[in-house]
Amino acid sequence: MKKIVVGCSIAFVLIVGIVITSFYLVFRTKKRDVSNEAPFEEITRQKITTKVKTQILKYPTPTVYEDYNYHLEDGTGFGMTSGLEIIAEIPVGTSITIDKVELHTGRVSGTTSAYLFGRVFIVEKQEEYFFQYSWGDYRSLYQDRPYWVFEKGFWQEEALEEKYFIELP
């Protein structure tokens, strides 16, 4: 009888472990570094210059990476009208460095976003800010071959016109 109880206990622990591991693998955020792929390779580890008014905002929830704890907003996203705390105004002509670019596929929704992770030094505050910036739209609905398009970024004169076929995480 004791062997049966021990055997059932071991089986129960193994099954619970397998279920927990399966949930983790299925529902974790998947990410992939695309810093060396088009169109990101042109801006990664380069100094780019702002062409429009931008702001550094304090993001209300935890960011993707703890080090990049601010959100850069240029008017193409939600931030300028959101009421989020403005940490700094970035003047036009300011140099910004993009450290890396990653695609992140959400745990539950399955949607994928492209995040640029970078830094900017604000002269008037004498402080460097590490930020994340979302750029690009993944078009997958009703598409035989899903693709990415990229609206005008804060460093560009014009939006990119090409479709980009970038592998998801």
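Strands E3 and E5 (residues 86–90) run antiparallel and are joined by four bridges. Here, helices (H or I, at least four residues) and strands (E, at least two) are DSSP runs, numbered from the N terminus, and two strands pair if DSSP finds at least two bridges between them. This is a predicted model, in which local features need pLDDT of at least 70, side-chain atom pairs count only at pLDDT 80 or more, and totals for chains, interfaces and linings use all residues. Residues are numbered from 1 along each chain as its sequence is written, and side-chain values use heavy atoms, with hydrogens and water left out.

Let's stay with E3, which spans residues 54–58. Thr54 has Ile90 of E5 as its bridge partner. E3 also pairs with strand E4 (residues 70–73), again antiparallel and over four bridges, and there Gln55 stands opposite Glu73. Four of the five residues in E3 are buried (under 20% relative accessible area with a 1.4 Å probe, protein chains only; exposed is over 50%, partly exposed in between).

Now for some backbone details in the loops. Most residues other than glycine have a negative phi, and most peptide bonds are trans. The bond from Ala38 to Pro39 is cis, with omega near 0 degrees; Pro39 lies in the loop between strand E1 (30–33) and strand E2 (47–49).
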